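Subject: A structure for you to explore

Hi there,

Here is the structure I promised to pass on. Have a look at it first, then read my notes on its salt bridges below.

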Amino acid sequence: MSDGTLKETTITYDDGIVRKFVFASVGWGIVGMLVGVIVAAQLLWHQLNFLPELTFGRLRPLHTNAVIFAFVGNMMFAGVYYSTQRLLKTRMASDGLSQAHFWGWQGIIVSAALTLPLGFTQGKEYAELEWPIDLAIAGVWVVFAINFFWTLAKRREKHLYVAIWFYIATILTVAVLHIFNSLSIPLAAGKSYSIYAGVQDALVQWWYGHNAVAFFLTTPILGIMYYFVPKAAERPVYSYRLSIIHFWALVFMYIWAGPHHLLYTALPVWAQTLGMIFSLMLWAPSWGGMINGLLTIRGAWNKLREDPVLKFFAAGITFYGMATFEGPLLSIKSVSALAHYTDWIIGHVHTGALGWNGLMAAGMFYWIVPKLYRTRLHSVVLANAHFWLATVGILLYMVSMWAAGITQGLMLRATDADGALAYPDFIETLVAIRGTYYARLVGGALYLIGILLMAFNLVKTALAGEAVDGTATVVEEVRTETEPSTSQMLLARPMIVITLGIAALVALVMAKDISQSVVALSLLVAISVAAWITYGQSETGKGPWHRVLEGRGALFSVLTLLAVVVGSVAELIPVVVVHGTQADPKKFPPYKPLELEGRDVYVREGCYTCHSQMIRPFRHEQLRYGAPSELEESAWDHPFQWGSRRTGPDLARIGTKYPNLWHYQHMVDPRSVAPASIMPSYAFLNDRKVDFTQTPAKISAMRSMGVPYSEADIQGAQVSARSQAEAIVADLAKQNIKVNPESDMVALIAYLQRLGKPEAQPAASPVAHTNGR
């Protein structure tokens, strides 16, 4: 109830922080897209890899980090800061924390831009940055979280709008993902080893990688969609009930789907199936969100002809629907068998990052900047030109990568009438899809030109006006009514139904036979029917249960975190203890000291961005590469090297297939052994030396993580490394090749010759000759 007291307050929002994040996003967007165009060109003209620091293997992680964390990250923060203050009817709790967040995040991005080209990397996709930067990310994220939840606590609007739900999920889940995926053993300021190895690292990495896409590139942008699309369309959100289903289903299901990135690998089959099932289930909530967004624009379609903001929003949401249809499609095992390791996956990723995130960012910028500077957009014509450049560019990119992926996938599995490989040399597939690489380059260039037009348009808009901070007058009613207790909320009918539903779902996933599956499925259906019947009923006496929950920020946050943690624990814990994740050292011995040093060179140069080390159980892969990879083979790999794209052949069985001379020539001049190769020259490895004084520390770090090295191995690491290096140098000298035994080149050759050696692999099938890329 109310005591009738009214309190009027005038709020001045902190829009200065919004302006900073907007233009940081635009600036870094130009950098990220430019690097993307460069790496696309490097795949066509190997001569563009003219500096060690600017080779494809080092620039590709820079491109992905710049687009994800710099471009989309800054855009997300701008949208969150702008909408949160207005939805909660209060200024951000601390201007100081907001500034620390902004400058800390830009410092992290600059650190990434400097360290990645210099070769400082952990070699984990979307998580390459070394441990000091990881610590900085955690610290800055905590600053952001404190500021957000502090603002949530002091809000003047009790009800939490749907956009805030998605922001809460983002902040909590990204923190969990980053902390657990980044756990490592530091060796120096620029070197560390992941504490996870082999199958555990693979699962943790793709639990992180898949959900980084979910909770960094999806949930916050959905929150932005739920705020800015209704504002631009001047229409309410289409369906409140659908937004509830969309949020909770997405948050709970997404976290389980990571294993679909590892189909047909050495990961246990049950874990692969679990990932595929939850990926398919994601179709429903994802498309529910898309429908909610597009139907919010209903009644405003006529504005699309004139309003570039709605054009970008409508196209962005459509690309979200395309990406979230394609993702589950690619998680189906038969589709993944063709598409995985090909450019189809690259096209899918860019559908989301450039089609969904990029177009939503542009729409938000064109709507928000004129309001931040109290003026009109400088040029609607330029904004429309940007829209068509971006749309045509991303469509050209997508279609070319679909064509490349399907073509390459079919060629790699093709056999002739005698059952032999129709295209035995991997390089033949690259020659066949070269034309699609030109199309990708054109598409990326068009998208970059659009970003440049946007930057010019926004800067001119800002210069034409003056920076202003938004204000609002809020009339607060002092309320004295009692709220349901936390225990009442947790023991209400909806929570009981939800808890039983989750238990039935977990039982269904973990069922060992058909009878258990039938029982669990029957319970799940019954509980779902009960949930539908009781929707909207309340045991709190204060209205529908979820409506009451939306006024309880702390409880809402705890339940959101619980939904995420349940899926994470159920997915990760069984694999951590699964039988076979430790290898027999006699059959699968750990790397020798020089081989470990060579592996570090392999990771530093980004070789994992083009080569996999995971042979799938398909006949065509066995004919091409050798026997399927086993779980134990990667047990000592910190981090794992299964890869996600094959621009070159798989290397799991490359050891002893070619002599040392072949590897040397291949590194110095790839065209000398494969005339059509697109691989950069790594001749500079001859001039770079391994620091053998650090080798014992590396062996010791590995031993601390369970790799079976003895104290004698640590003490004799330098002697062992130099002895193996001298043997390689002596072999090359017989071919009149002189090389420094301390060079990175020798260490890398040692590592490559170790991969799949007879004493460390099962019996191999016949292997066809395979050229390098």
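A salt bridge is a side-chain nitrogen of Lys or Arg within 4 Å of a carboxyl oxygen of Asp or Glu. Please keep in mind that this is a predicted model. Searching the whole structure turns up 26 salt bridges, and here are some to look at.

Start with R688 and E53, whose side chains meet in a salt bridge at 3.1 Å, N to O. R688 sits in the loop between helix 24 (660–668) and helix 25 (695–704), while E53 sits in the loop between helix 1 (16–42) and helix 2 (56–88), so this pair ties together parts that are 635 residues apart in sequence. R688 is partly exposed, with a relative accessible area of 27%, and E53 is partly exposed too, at 25%.

Next, find D600 and K191, which form a salt bridge at 3.3 Å, N to O. Because D600 belongs to helix 22 (residues 593–604) and K191 to strand 3 (residues 191–194), the pair links parts that are 409 residues apart in sequence. D600 is buried, with a relative accessible area of 8%, and K191 counts as buried at 19%.

Helix 22 also holds R599, while D637 lies in the loop between helix 23 (619–625) and helix 24, so their pairing ties together parts that are 38 residues apart in sequence. The closest N and O atoms of D637 and R599 are 3.1 Å apart, and both residues are buried.

Enjoy exploring!

Conventions: Residues numbered from 1 in each chain as written. Predicted model: local features only at pLDDT ≥ 70, side-chain atom pairs only at ≥ 80, totals over all residues. Heavy atoms only, no water. Helix = DSSP H or I, 4+ residues; strand = E, 2+ residues; numbered from the N terminus. Buried < 20%, exposed > 50% of the residue type's maximum accessible area, 1.4 Å probe, protein only.
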